[in-house]
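Visitor: Please take me through one part of this structure slowly, and show me how that part sits in the whole.

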Amino acid sequence: MSFWHPDVTHNQYQRQKIISGVAIAFSVTACSFTPASISPQSNTKQLTSQLHAVQVPQQKTTSQDKPQSQSPAKVENLTFSVPEKFQGQTVYHVQPNNNEKVIALSIDDGPWPKTTLQMLDILKQNNVKATFFWVGQALQANPEIAKQVVAQGHAIGNHTWHHWYRRMDAATAKSEIERTNELIYKTTGVKTSLFRPPGGVLNNGLAAYAKSQKSAVVMWSQTSADTDPRAKYEVFIKNVLRDAKPGSIVLMHDGGGDRKRTVEALPEIISGLKKQGYRFVTVPELLEMQR
């Protein structure tokens, strides 16, 4: 999660974009809150006083930026649906059959220049599939990166257009989700029924709309806390390995700011979980494993 400022209107955003002409990104703690601490309205108001939308940096590809695992942009149409029992439901974790040691890495706020590409390389080298929850503005700015994510077999979820936390009327909530869904499909051919509300906020209108469309509102059962600006990357590794349980959904970030510490942590998170006997699955795969 990032410093996506929620109280800026679309017209204001456009004026800022014209005036600044410069992409600005902040590394902050926007998406590091645990779900249980977010639902009260008072907490939501506190968050919205601090968070604003910013222009997403676009990819500037150089020879050094191209990952070894770069794939052709051509992708096939895919649909990430959810089992009927999860449609219109909020999901924090899954209890897999026979308590199998499976775990899902979920990655928020991209697609993002450099960071997403670096994470794709690491995931490919380790034969791991993850679930990426995309912000519409970031997707609009970096469509080729998005195509690579899909081409490499990862699952995709919706993380709204602006990454706003504030309370919204029904029309705004619908626009935030449907505008992103439409661009995901237009860019990659993917249709998804996976939705994650920014900040894990469940009472601002977004989750209610997603549920009305029979999407699964996918939260998380453990976080790497990788948006903590003070923490070293070793802390992210410790957090994930310490809290891992069968059926866990892990929260991480590839966008919304400088995520180089997450990139540093990812290989050791993967190797550490493998040593504990875990197998990696996507969120849609995990939902199919509910006992």
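Guide: The protein chain has 10 helices and 12 strands; both are DSSP runs numbered from the N terminus, helices being H or I with at least four residues and strands E with at least two. This is a predicted model, in which local features need pLDDT of at least 70 and side-chain atom pairs count only at pLDDT 80 or more, while totals for chains, interfaces and linings use all residues. Residues are numbered from 1 along each chain as its sequence is written, and side-chain values use heavy atoms, with hydrogens and water left out.

Strand 6 covers residues 155–158. Ala155 and Gly157 point one way from the strand, Ile156 and Asn158 point the other way, and all are buried (under 20% relative accessible area, with exposed meaning over 50% and partly exposed in between; 1.4 Å probe, protein chains only). Over the whole protein chain, 55% of the 291 residues count as buried.

Strand 6 pairs with strand 5 (residues 131–134) in the parallel sense, over four bridges; pairing requires that DSSP finds at least two bridges between two strands. Asn158 in strand 6 is the bridge partner of Trp134.

Ile156 and Trp134 also belong to the largest nonpolar core, a core being a set of buried Ala, Val, Leu, Ile, Met, Phe, Trp, Tyr and Cys residues joined through side-chain atoms within 4.5 Å. This core has 68 residues, and Ile156 and Trp134 are among those with the most contacts inside it, as are Leu105, Leu123, Phe132 and Leu273. Helix 9 (residues 260–275) supplies the largest share of this core, six residues. Another core, of five residues, lies apart from it and includes Val56, Val135, Ala138 and Ala141.
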